[in-house]
Amino acid sequence: GEFLENGKANIVFNYFKKMGYSVYSEICVTYSPIDMVAVKDNVCFCIELKTSFNEKLFKQCYFNQNYCDFSVAISSTKPKSNTIEKFKKYGIGIYQVVGDDVKVILDPVKNNFFDNHHDFILNLKLIINIYYFCEL
């Protein structure tokens with residue numbers, strides 16, 4: 001997509017890498033791969049990269065909350081105020097790629113959906129370790 005073609009995915013990759021995360025792309029946990037997963041210690045981000053903040057992006061990020069501590073939507077466009085409110089209501093973070101940097105517009109909220117949530121993170125890490133030996 002547009003993010004890879006114009007190098008914006010690399011900007012996001014470097015943003016998380018600089019904070020000490022291992023970053024992986026196209027992680028398949030269901031029928032729809034997660035664009036990026038960033039893991040450090042026991043913290044896991046699921047990241048969706050899209051050209052704009054739309055309903056499809058919201059649904060992906062909402063669904064990704066099953067597999068991570070923090071779910072984040074990233075785009076190069078500026079989100080509208082009603083979009084920010086909707087994402088905030090569900091604890092999904094909004095980041096924007098501006099130039100060669102990533103700007104945090106809305107911090108994600110840590111997910112506590114499951115008592116066995118830690119097992120989901122471990123399973124996600126296991127998927128990464130088994131199927132994705134190399135990073136982006």
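The model is a predicted one, so local features need pLDDT of at least 70 and side-chain atom pairs count only at pLDDT 80 or more, while totals for chains, interfaces and linings use all residues. Residues are numbered from 1 along each chain as its sequence is written, and side-chain values use heavy atoms, with hydrogens and water left out.

The cysteines come first. With a disulfide taken as a pair of cysteine sulfur atoms within 2.5 Å, the count comes to zero. Cys 46 is in no disulfide, and the nearest cysteine sulfur, in Cys 68, sits 3.5 Å away. That is too far for a bond. Cys 46 is buried (under 20% relative accessible area, with exposed meaning over 50% and partly exposed in between; 1.4 Å probe, protein chains only), at a value of 0%. Cys 68 is buried as well, at 0%.

Next comes the lysine. Lys 50 lies in the loop between β3 (43–49) and α3 (55–64); helices here are DSSP runs of H or I with at least four residues, strands are runs of E with at least two, and both are numbered from the N terminus. Lys 50 is buried, with a relative accessible area of 19%. Its side chain makes a polar contact with the side chain of Asp 35 at 2.9 Å and another with that of Glu 48 at 3.4 Å. Such a contact is a pair of N or O atoms within 3.5 Å; within protein, one must be able to donate a hydrogen and the other to accept it, and residues adjacent in sequence count only if both atoms are side-chain atoms.

Finally, the hairpin. Strands β5 (residues 93–98) and β6 (residues 101–106) pair in the antiparallel sense over five bridges, where pairing takes at least two bridges found by DSSP. Val 97 has Val 102 in β6 as its bridge partner. Two residues separate the strands of this hairpin, and Gly 99 in the turn has a positive phi of about 65 degrees.
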